[in-house]
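Hi everyone, thanks for making time.

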Amino acid sequence: MEKKVVLAVVCAAAVAGAVTAAFVVKRKMRKDGKWARAIEIVKEMEEKCATPIGKLKQVADAMLVEMHAGLASEGGSKLKMLISYVDNLPTGDENGLFYALDLGGTNFRVLRVKLGGKDGRLVNQEFAEVPIPPNLMTGTSNALFDYIAAELAKFVAQEGEELQSPPGKMRELGFTFSFPVIQTSIASGTLVRWTKGFSIDDTVGQDVVVQLTKAMERQGVHMHVSALVNDTVGTLAGGKYFNKDVIAAVILGTGTNAAYVECAQAIPKWHGALPESGEMVINMEWGNFRSSHLPLTDYDLALDVESLNPGEQIFEKIISGMYLGEIVRRVLLNMAEEAAFFEHLICQQCIMIHLLILKWWGVN
């Protein structure tokens, strides 16, 4: 008890010391005239990022124009408005064992799901999440897909006998691939370009299902890719499984995207027979949206110029997780350079208190 009390006192002293140090720093910065510049930088950022209702309506109207252009023809818009070939979404009655591979960022997941119909719903779910080494994000297509297939093989190898497929029957795999792909069927699609930090030239223009299938064959994985979907389309399907009124899905993660259910007759670039459902899920790829109405700052423009894909994915670069931390870093760097914001933050008093805490923690 005595140790806890002493440690609490030391921690309280550390907090008090930090507060005192912050006060001293703030006072000194005001005296030097640097505090005003620091506040000015923050206010400038806040003003340029402002999104009043009027501006939001302008952005929405501009996006609507791009949506119509993207539905009218391939390449007619900054928004790809990709046809997913998904014309029926889950009803909740589905039964059986299903596998999925989800590749959409710096990690990928492999999943095994058992569905029990409307009564049983989600009976069981198992998954493994695997980080992708940075060198594979800019390496070769074979290296990336071989790595994924090898991890998929490990996942399948851990299954019990009750999950083994009957002789001669292959496991069916749903492949969620969260990058711009032009699909030609429910189980094939050509990569348009990489996003979210990936840059593998020899995959662009290739069918990603073929690439994965060849890798699985090399790794001895006996699976058949029965469906290729974007993660936003998958999110929409998952929402529809539990709620029949769901008609749209939005991803806000490493990147950003949206998908929704469109009337098939409202897609001029669709040249096939109209689906019986009369509907088609559209993968917007709205991360590539750009408009003069978007609140772009000097930090956003500088980040874009130095990115792997300058001039592309502008909407994604101002709102998604992969880029927000870098924007903050650039703002803080500007504050450090123009207002010496961090000049006095490390003080002798704080160091001494932290050393005292570490001493007590180690000794006791």
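Let's start with this one: does Ile-247 count as buried or exposed? Keep in mind that this is a predicted model. Ile-247 comes out as exposed, because its relative accessibility is 57% and the cut-off for exposed is over 50%. You'll find Ile-247 in the loop that links α8 (231–242) and β9 (248–252). If we ignore neighbours within four places in sequence, Ile-247 touches Leu-236, Ala-259, Tyr-260 and Val-261. From Ile-247 to Glu-262 it's 15 residues along the sequence, and 8.8 Å C-alpha to C-alpha.

Okay, next loop. Ser-178 sits between β5 (171–177) and β6 (181–185). Ser-178 is buried, at 5% relative accessible area. Its side chain makes a polar contact with the side chain of Asp-231, at 3.3 Å. Again setting aside neighbours within four places in sequence, the contacts of Ser-178 include Asp-102, Leu-103, Gly-104, Thr-195 and Lys-196.

Last stop, helix α9, residues 298–305. Which residues of α9 are buried? They are Tyr-299, Asp-300, Leu-303 and Asp-304. Looking down the axis of α9, those buried residues fall within an arc of 135 degrees, so they line one face of the helix. Over on the face turned away from the buried side, α9 carries the exposed residues Asp-298 and Val-305.

Notes:
Residues numbered from 1 in each chain as written. Predicted model: local features only at pLDDT ≥ 70, side-chain atom pairs only at ≥ 80, totals over all residues. Heavy atoms only, no water. Buried < 20%, exposed > 50% of the residue type's maximum accessible area, 1.4 Å probe, protein only. Helix = DSSP H or I, 4+ residues; strand = E, 2+ residues; numbered from the N terminus. Arc of directions from axis to C-beta. Polar contact = N/O pair within 3.5 Å; in protein donor to acceptor, adjacent residues only side chain to side chain. Contact = heavy atoms within 4.5 Å.
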